[in-house]
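Subject: Structure handover

Hi,

Here is the structure I promised to pass on. Please open it next to this email and follow along.

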Amino acid sequence: MEVHNVLESQTIQELPPFATNSLSPSSSSSSFSSSSASSSASSFSGVPLITYSPVQTELNGTEGNVESSFNEWFRFFGIMGNGSGIEWKDIENRFDRISVTANASEPVLKWSDFGFCIGMQQSPEFANELLRALRGRKDCKTNITKGELYSFWCSLTDPCFDSRIRIFFDFCDRNMDGKITENDIKQTVLLSASTNKLSLTHEESEDYASLVMEVLDKENRGYIEISEFETLLRISLTKGPLQAKQSSMAHNSYDPFQEPTSKAEILFRSYWRRAWIILFWLVVCIVLFTWKFIQYRHRTAFEVMGYCLSTAKGAAETLKFNMALILLPVCRNTITWLRSNRRINSVIPFNDNINFHKLIAGGIVVGVILHGGTHLACDFPRISSSNSSIFQQTIAPGFGYHQPSYLEILATTEVATGIVMVVLMAIAFSLATKWPRRQSPSLPRSVRHVTGYNTFWYSHHLFIPVYALLIIHSMFLFLTDKVAEKTTWMYIAIPILIYAGERILRAIRSSCCEVQILKASFYPGKVLSLKLHKPEGFRYQSGMYIFIQCPQISPFEWHPFSLTSGPEDDYLSVHIRTLGDWSYTIYSIFQEATLSRAKDYPNLYIDGPYGAASQDHVKYDMVVLIGLGIGATPFISILKDVVNDIRKAQNNHNGCSLRKGPVKAYLYWVTREQSSFDWFRDIMKEISNSDQKQSVVEVHNFLTSIYQEGDVRSALISAIQALHHAKHGIDIVSRTPVRTHFSRPNWFSILSKLAWRHRGARIGVFYCGPSALAKELERLCTKFSTKTTTRFVFHKENY
């Protein structure tokens with residue numbers, strides 16, 4: 001699965017648009033409901049299977065509370081990196097830094113620097129229009145004094161909502177005549193779209209401007225005045241952040257923080273499977289080390305080499321065990337088969353197979369250092385420099401009664417093979433670490449050329465000569481003549497047979513699984529969607545993934561991709577984003593074939609399916625699916641599966657599903673580019689158009705490129721979004737029935753409201769994206785599981 005990071009750190013100086021946004025599972029800012037669709041019954045009939053949170057005013061506040069909320073949300077200045085609004089001292093410091101003094105007069109600010117000075121350097125055109133509105137009919141392209149700038153700041157931060165409405169009205173009123181025409185709205189919509197990095201055509205802006213006039217200009221005068229304009233903004237705020245805040249306050253009327261569970265109990269419940277596996281592994285390693293350590297403590301060779309010998313031999317025994325064990329976590333077919341057994345899956349954490357593989361690799365590194373280091377630095381010098389009489393009385397038979405020099409020891413078969421093994425393992429281990437594998441920009445350019453996924457993949461196959469050398473190394477051991485003591489082959493025989501069998505099975509299966517490509521589609525962001533013929537007998541569960549090989553690129557490379565088709569579909573589909581050499585090449589090949597109208601696409605082979613963390617969604621009645629960017633792919637299949645299960649249950653006479661699965665699913669999809677919504681647009685519409693009596697899927701889209709709701713730069717977009725969705729049931733940003741939220745989600749708020757909504761439930765939280773957010777989500781899941789009656793169980797995709 002290929003993912004990209006959609007959460008980038010922001011600096012205080014840049015006054016970012018990505019301020020946090022609170023959202024409850026029942027907030028209206030992503031709603032598609034009977035209330036919003038009542039005016040569009042011709043487009044949507046019945047109650048949809050997929051809902052986007054109906055508008056519910058759950059707080060009976062006073063007029064003063066409502067007005068205060070408007071004042072808080074409608075602002076000209078964004079939230080700074082420290083979470084507070086911009087202060088005059090910040091603006092003054094910027095003024096002093098960039099102001100100029102002309103003809104010995106007071107310092108002035110160039111009008112073109114107004115945007116930077118007030119924190120709108122990322123939207124200079126918007127800032128220039130704001131300056132025009134503040135200056136009224138005066139020439140807006142004259143320099144600004146500090147006193148004038150202070151008066152502007154006072155106007156923009158005026159606590160009176162009407163005052164700020166007047167400024168924004170003048171912003172939209174191009175000729176400053178107190179009337180906003182349809183053309184004024186169109187121009188402001190285009191400017192707002194550009195400021196928020198939204199794709200919008202002139203025809204669409206005309207339609208949206210016409211919609212605003214249709215709703216507000218009841219008398220067909222051809223313009224609206226400030227009273228109608230205020231109504232427009234209040235509509236957007238009521239359906240957006242204000243309603244979410246009110247809903248949040250209403251939720252707080254019930255205290256979910258009851259019957260707290262101790263943190264120790266929650267940690268035990270969350271990590272006991274990992275803990276017992278790691279503890280068992282450590283115990284086995286310690287027992288093996290101790291056994292060999294004591295055994296060689298009583299050998300005659302101990303008189304020459306002392307505890308160095310015991311340490312080296314104890315480490316060698318753990319190395320045998322770990323060299324055998326490290327193959328098992330990457331036997332994907334075996335793991336997929338084992339995890340299908342619920343009893344085994346409930347005890348062994350198969351989702352952490354790659355992490356366990358890395359842990360064993362760390363154990364091997366420690367073993368190599370102890371074994372090889374003590375031999376080279378302690379044992380061999382003691383052999384070559386030991387007293388001749390003691391040497392002859394103890395270990396001379398093992399060396400043909402010849403006391404070797406240090407160099408002669410290094411030239412022996414057992415030592416030479418050991419050194420070569422260490423070198424090969426060091427290469428494979430180094431290239432498998434995070435930075436070289438992902439070609440980190442922090443690496444020198446010369447190094448980056450020889451790193452990357454391909455280098456990691458090929459270097460990992462050095463394990464073949466390593467295991468061959470390990471066998472040779474074990475047959476020529478110092479001080480060990482008995483065949484029964486040469487036990488390396490006993491450790492590694494079964495794991496090697498299992499792994500080799502898997503590779504043979506994979507080669508046979510993949511050679512028979514050349515798939516017919518039914519359709520290739522291209523989406524913005526260089527995303528390739530492939531619709532493949534489903535091989536006969538190919539069965540899988542939602543959340544699984546497959547490996548894909550394109551012989552035209554390489555006959556050896558296989559790359560994993562989540563299936564975005566449902567188990568009930570008669571085809572297979574994957575979405576591939578160009579994030580590396582292989583994905584970029586396959587995108588180019590298919591694009592060239594499509595543009596040239598070639599009859600045949602390149603040959604593709606598939607291998608799988610294989611189990612993943614998302615496959616465990618069937619264990620829960622409620623699931624929360626969190627995908628960042630292309631990380632939403634494993635969850636699309638799950639949504640389809642959940643919908644199909646509910647449909648089958650409703651078609652049964654007894655109303656029971658044929659198999660256990662979630663009865664409620666939440667999808668939170670976070671992306672920074674509007675074009676990303678094109679990837680799954682058809683799928684979202686397909687799900688939303690399912691005519692069912694019970695809503696089971698709730699989708700929330702977040703677009704981080706838009707300034708947060710309540711910011712003046714996104715205010716008009718938010719207002720038109722609310723009007724258009726209420727009339728047509730389609731969101732103007734995603735162009736699907738899913739309402740789009742602006743800015744990043746507030747995960748604390750989301751999980752808090754889920755805990756309130758599903759009190760006492762056990763909710764599976766599945767995440768696919770960068771590790772930084774995974775740590776935060778896992779921490780929050782533990783926190784809410786500890787403090788509330790709701791249990792959140794966190795799962796992360798690992799590939």
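Two strands pair if DSSP finds at least two bridges between them. Keep that cut-off in mind for the first stop. Note too that this is a predicted model.

**A parallel set of strands**

Start with strand β17, residues 762-768. How many bridges join β17 and strand β18? There are six, and the two strands run in the parallel sense. Strand β18 covers residues 791-796. Six bridges meet the cut-off of at least two, so β17 and β18 count as a pair.

Is β17 enclosed or open? Six of its seven residues are buried, so β17 is largely enclosed by the rest of the structure.

Strands of a sheet pair through backbone hydrogen bonds, either parallel or antiparallel.

**An antiparallel sheet**

Now look at the antiparallel case. Three strands form an open sheet, in the order β7-β8-β11. The edges are β7 (517-523) and β11 (571-577). Each has a single partner strand, so one side of each is left without a neighbour in the sheet. From one strand to the next, the twist averages 15 degrees.

β7 and strand β8 (residues 527-533) are joined by six bridges in the antiparallel sense. Within this pair, I517 stands opposite L532 in β8. Which helix packs on the sheet? Helix α25, residues 581-595, does, and α25 touches β7, β8 and β11. The direction of α25 makes about 105 degrees with that of β7.

**The disulfide**

A disulfide is a covalent bond between the sulfur atoms of two cysteines. The count in this model comes to one. The two cysteines are C308 and C378, with their sulfur atoms 1.8 Å apart. Why does this link tie together separate parts of the chain? C308 lies in helix α13 (residues 307-325) and C378 in helix α16 (residues 353-385), so the pair joins parts that are 70 residues apart in sequence. The link is right-handed, with 75 degrees about the S-S bond. Both C308 and C378 are buried.

Two other cysteines are worth a look. C160 counts as partly exposed, at 36% relative accessibility. C285 counts as buried, at 12%.

In the model, residues 160-195 are 72% helix and 6% strand. The end C-alpha atoms of that stretch are 26 Å apart.

The UniProt entry also gives "transmembrane region" at residues 275-294, 359-377, 415-435, 456-476 and 488-505. Check two of these stretches in the model. Residues 359-377 are 100% helix and 0% strand, with end C-alpha atoms 26 Å apart. Residues 415-435 are 95% helix and 0% strand, with end C-alpha atoms 32 Å apart.

**One proline**

P560 lies in strand β10, residues 559-562. Is P560 buried or exposed? P560 counts as buried, at 15% relative accessibility. Now find P609. P560 and P609 are 49 residues apart in sequence, but 9.9 Å apart in space, C-alpha to C-alpha.

The protein has 30 helices and 18 strands. Of its 799 residues, 53% are buried. Consider the contacts with a separation of 6 or more: 77% of them join residues 24 or more positions apart.

Average pLDDT is 79, and 81% of the residues score at least 70. Where is confidence lowest, and where is it highest? The lowest is strand β1 (residues 50-51), at a mean of 39, and the highest is α13, at 93.

Two stretches call for care. Over residues 1-66, pLDDT stays under 50, and the model has 226 contacts beyond four places in sequence for them. Over residues 79-84, pLDDT also stays under 50, with 11 such contacts. Where pLDDT is low, the predicted coordinates should not be read in detail.

Best wishes

How values were computed. Residues are numbered from 1 along each chain as its sequence is written. This is a predicted model: local features need pLDDT of at least 70, side-chain atom pairs count only at pLDDT 80 or more; totals for chains, interfaces and linings use all residues. Side-chain values use heavy atoms; hydrogens and water are left out. A disulfide is a pair of cysteine sulfur atoms within 2.5 Å. Helices (H or I, at least four residues) and strands (E, at least two) are DSSP runs, numbered from the N terminus. Buried means under 20% relative accessible area, exposed over 50%, partly exposed in between (1.4 Å probe, protein chains only). UniProt positions are given in the numbering used here, feature names are shortened, and annotations may be inferred rather than shown by experiment. Axes are lines fitted to C-alpha atoms, for helices over the stretch in contact, and angles run from 0 to 180 degrees between N-to-C directions. Contact means heavy atoms within 4.5 Å. pLDDT is the predictor's confidence in each residue, from 0 to 100.
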